[in-house]
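The sequence and the structure are shown first.

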Amino acid sequence: MTVPGNRSAPRSARVLIIGTGFAGIGMAIRLRERGITDVVILERAADLGGTWRDNRYPGCACDVESTLYSFSFAPNPGWTRTFSPQPEIQAYLRRVADDHGITPLIRFNDAVDGARWDEPAQEWVVTSTSGLWRAQHLVMANGALSDPSVPPLPGLDQFTGASFHTAQWDAEVPLDGRRVAVIGTGASAIQVIPAIQPRVARLIVLQRTPAWVLPRHDRAVPAWRRALYARVPFTQRIARGALHAWHEMMFLPFRHPLPRRLVQAAVGWHLAAQVRDPQLRRALRPTYGVGCKRLLLSDDYYPALVRPNVEVVTSAVERIGAHAITTADGRTHGIDVLILATGFRVTDPILAPTIIGRNGRSLADAWQGSPKAYMGTTVAGFPNLFMLAGPNTGLGHSSVVLMAEAQIEHVLGVLALAESRHVRAVEPRADAQARYVAWIDASHATTVWNAGGCRSWYLDRTGRNSTLWPFGVDRFRRLAARVAADDYLTA
Ligand code: N01
């Protein structure tokens, strides 16, 4: 971390939060409810919302039902669709932040570059665009899906048409009647492809690995149901409970082969029903176990792919030229616009090298390419540091908002522990963290994510699954809610 010399004196906060997605907003709300009001949130962008602010590509929507993909303490009876579109989710977050008095705590356009634990002062010194901050506690709520991953495709810089990542959508670029290529067939691609297909002259879909796709059954929420949820909020809580129970069950196929066979049959049927052409069907049928890569939900992805203006290209991208993409089969596809639906830097977070804990050791040094944390939230050697959406807190089957809320309760529990011991610094014991991580790793061994025969972004560069929580959400909730005092060191 470089500490600029010509900045003003550091400002301070008891708790400094990085990021204004679900996790950052939720953390600030719960801190204030606990009476901790000296809170500052640094946000690198000009608006709040995290991934729901950045991802504005056509078709962007949640693939978990909104009644579940929302805060437990802030139900929204007004969701207009089962799976709400991005603008509604961002508007929801803005409203929740306003209603709970969080918006004034946010410093917009203030990006954190790094932070260093100041041992004598027992606090974090944080460097951001605006200068220095001192904070007793630092909460990294900067998200796992916040930094786009752009592969080093040969010739990408020579392309003369418009080119952008799905998370950096350029709405100024006209697509109507143009030749467009989409690289990638993950969750973002399968939403953007059906949204732009009717507008473009030609759509080349460059698929490296096909995805398993289940029907989504997205529909408008009828006015009567919205009115019911608004007038009798209990009914929406019942709906949320039912969805939660359903998703908890959906976890089983990821661990057990028998229920997985049922899902396999459903995805196979969905593909067969929507894609008649046997050659295309073969190209779209994955060879790995269902769920190994994120299981996708869509009603309109396959129907878009069979339209006459779309071609699915399975040959690898070899080179990008000024106006075209050349693939390994020797073909050249002329294009005007290139869309990179190539995902995010999940297991190599950009802040890891610049967060410096005890003894000058960075998170990147501690992790060596494989992020690890106790309860996915705290890291040995990094006192008073909390990570939301941290290692092994992702889900393949339910709403990550539930996980963020459980982590937030864990943070509050750890702060209460430090307070009860009248100490300024708290961190997990190294042996407790090692035991926890070993248990996570052992629990992953037989899951389809690890043993399903695919290479996904759930696995880090060491091959370890450092992304997903290996059980149902309720289990994490129970564990995170109870802070095991012996597992924490205080000073
Ligand atoms: O990214 P991805 P995403 N050459 O990493 C391909 C969340 N999300 O943005 O599979 C060619 O899944 C890559 O190919 P392969 C959700 O958690 C949520 O789509 O590695 N292709 C893959 O097809 C999701 O899981 C919602 O072989 C290359 C694609 O790019 C996560 O975000 C909506 C390549 C990347 O897929 C990420 O999804 C959208 C190369 N060099 C997203 N490099 C919700 O609704 C990469 N690819 C909540």
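## Aromatic rings

Rings of Phe, Tyr and Trp (its six-membered ring) are paired if their centres lie within 6.5 Å, and a pair counts as stacked with planes under 30 degrees apart, as edge-to-face over 60 and as tilted for the rest. On this basis, a search of the whole structure gives 20 aromatic pairs. Tyr301 and Tyr302 make up a tilted pair, with 5.6 Å from centre to centre and 35° between the planes. Tyr301 has a relative accessible area of 3% and is buried, and Tyr302, at 2%, is buried as well; buried means under 20% relative accessible area, exposed over 50% and partly exposed in between, with a 1.4 Å probe and protein chains only. Elsewhere, ring pairs join Phe22, Trp52, Tyr69, Phe71, Phe73, Trp79 and Tyr92 into a cluster.

The model is predicted, so local features need pLDDT of at least 70 and side-chain atom pairs count only at pLDDT 80 or more, whereas totals for chains, interfaces and linings use all residues. Residues are numbered from 1 along each chain as its sequence is written, and side-chain values use heavy atoms, with hydrogens and water left out.

## Ligand surroundings

Of the 24 residues around the ligand (a heavy atom within 4 Å), those that come nearest are Ala61, Ser188, Thr209, Lys293 and Arg294. A polar side-chain atom of Ser188 lies 2.6 Å from a ligand oxygen atom, and an N or O atom in the side chain of Arg294 is 3.2 Å from an oxygen atom of the ligand. Thr185 places a backbone N or O atom 2.9 Å from an oxygen atom of the ligand.

## A buried glutamate

Glu43 is found in the loop between strand 2 (39-42) and helix 2 (51-54), where helices (H or I, at least four residues) and strands (E, at least two) are DSSP runs numbered from the N terminus. With a relative accessible area of 3%, Glu43 is buried. Its side chain makes a polar contact with the side chain of Thr20 at 2.5 Å; such a contact is a pair of N or O atoms within 3.5 Å, and within protein one must be able to donate a hydrogen and the other to accept it, while residues adjacent in sequence count only if both atoms are side-chain atoms. A polar atom of the Glu43 side chain also lies 2.8 Å from the backbone nitrogen of Ala45.

## Helix 6

The buried residues of helix 6 (residues 233-250) are Gln236, Ala239, Arg240, Leu243, His244, His247 and Glu248.

Terms used
The expected span of a helix is 1.5 Å times one less than its number of residues.
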